Amino acid sequence: MPSSDQNYDAIVLGAGGAGLMAAAAAGQAGARILVIDHAEKPGKKILISGGGRCNFTNNGTGPENFLSENPHFAKSALKRYTQWDFLALVERHGIAWHEKTLGQLFCDGSARQIVAMLLEECRRGGVEIRLSTAIGEIGHADGMFRVACASARQLVIATGGPSIPKMGATGIAYDIARRFGLDVVSPRPALVPFTLGQDDALFKAIPGVAFPAVARVGDMSFPEAALFTHKGLSGPAILQVSSYWSPGEPVSLCVLPDANGVLRAARQDMPRAHLKAVLSRHLPARLAEAMSSRIGLGREMGNCSDAELSDAAEMLTALTFRPTGTEGYAKAEVTAGGISTAVLSSKTMEARDVPGLYAIGEAVDVTGWLGGYNFQWAWSSGVAAGRAVAERAKAA
């Protein structure tokens, strides 16, 4: 068992992507680093990401792909450690990768390769990693942080958010932040499926139906796949808009972009057909049936008025739901909100009023879109803090 006088330049709380990246950057720059995590193995969220292949970054990453109370906060870290920097690291380790839609980069093999790469980078930096170790009480006196029988002049909060609690995720980052007087923006589940009520039972009755759509919440819209589930709505387009959704707000789906033209052409070319038959040419059969029921246009297309077709087209291009809620942290890919960026330096991730205390990754109020952006924030914020830790250690 380690003794209480073990000293380090910094203690990193959390052996996820951000924590390992920060530890490696600091260690390779000469700092003595200890990583502590309560989990039995490192990088657990990395291992399950991207269907086990880890969508490790996105080649289109920019600050516009993130939401935060301060939309400018992420710019500095993202600029100084880019997606291309991380991709170069991946290639140096001989990890084969491929690009999917919308700039998403995945391992050809397994997400385990990314975890192994980060652990090797930590090894090269002489980083010590203690797993299955409870953080417990954090002491702070005389400029020293004391955690789990170790002490350091610097402490990095990299414990993530409470999304996916079955992986051991908790909100401990916020407890630590408040312990040191840091403000916390109310956390909420993000990149999460919606639940629908009985008014939308028609669509909950067609679980598994996926289709291309444009999902919209307020001014934000995303053109990707949507999916109906037993509980409500999911799929990439839905997960994207969920990060911008507030309870009570409507969510709309464009399921047939040129609905007006399609319906008018059908009236001309298929006058004896009913709406279901027309829609079945453009939508999955069960969705066509559900949409026909929702629209309620009972007569043959040749007998429909312009006004009726316009109403039907409007529903097809802006099918509106009012979710009863989300599936919560259990199904959320990330957590929005977190430690306020107002109390942190955007260059170093250090708390302005608590020298030597840093917060990075998902613990901070910076949340990326679906598609590798949150991992890039982990890498960029981790490197920013790691470099700052090493510089402070050298100056001590």
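An open sheet of five strands, paired in parallel, runs in the order S8-S3-S2-S12-S22; two strands are taken to pair if DSSP finds at least two bridges between them. Helices (H or I, at least four residues) and strands (E, at least two) are DSSP runs, numbered from the N terminus. This is a predicted model, in which local features need pLDDT of at least 70 and side-chain atom pairs count only at pLDDT 80 or more, whereas totals for chains, interfaces and linings use all residues. Residues are numbered from 1 along each chain as its sequence is written, and side-chain values use heavy atoms, with hydrogens and water left out.

Contact means heavy atoms within 4.5 Å.

Strand S9 (residues 139–141) and strand S10 (residues 144–147) run antiparallel and are joined by three bridges, with Ala141 having Met144 of S10 as its bridge partner. Two residues separate the strands of this hairpin, and Asp142 takes a positive phi near 55°. S10 also pairs with strand S11 (residues 150–152), again in the antiparallel sense and over three bridges; here Phe145 has Ala152 of S11 as its bridge partner. The hairpin of S10 and S11 likewise has two residues between the strands, and Ala148 in the turn has a positive phi of about 45°.

S19 is joined to strand S18 (residues 251–254) by three bridges, and the two run antiparallel. In this pairing, Leu319 of S19 is the bridge partner of Leu253.

The buried residues of H11 are Leu287, Ala288, Ala290, Met291, Ser292 and Ile295, where buried means under 20% relative accessible area, exposed over 50% and partly exposed in between (1.4 Å probe, protein chains only). Their cover includes helix H7 (201–204), S15, S16, helix H10 (275–279), H12 and S19. Just after H11, Gly296 takes a positive phi of about 70°.

H12 (residues 306–317) also meets helix H9 (residues 259–269): their axes come within 8 Å and cross at roughly 140°. H9 is therefore oblique to H12, since angles under 35 degrees count as roughly parallel, over 145 as roughly antiparallel, 65 to 115 as roughly perpendicular and the rest as oblique. To this contact H9 contributes Ala259, Asn260, Leu263, Arg264 and Arg267, while H12 contributes Asp306, Leu309, Ser310, Ala312, Ala313, Leu316 and Thr317.

Lys231 occupies the loop between strand S16 (220–228) and strand S17 (232–234). Although 36 residues apart in sequence, Lys231 and Thr195 lie 5.2 Å apart in space, C-alpha to C-alpha. Beyond its neighbours within four places in sequence, Lys231 is in contact with Phe194, Thr195, Leu196, Lys204 and Glu327.

With a disulfide defined as a pair of cysteine sulfur atoms within 2.5 Å, the count is zero. The sulfur of Cys122 is 15 Å from the closest cysteine sulfur, that of Cys54, which is too far for a bond. Cys304 has its closest cysteine sulfur in Cys254, at 20 Å, also too far for a bond. Both residues are buried, Cys122 with a relative accessible area of 1% and Cys304 with 5%.

For the chain as a whole, there are 13 helices and 23 strands, and 55% of the 396 residues count as buried.

Terms used: Axes are lines fitted to C-alpha atoms, for helices over the stretch in contact, and angles run from 0 to 180 degrees between N-to-C directions.
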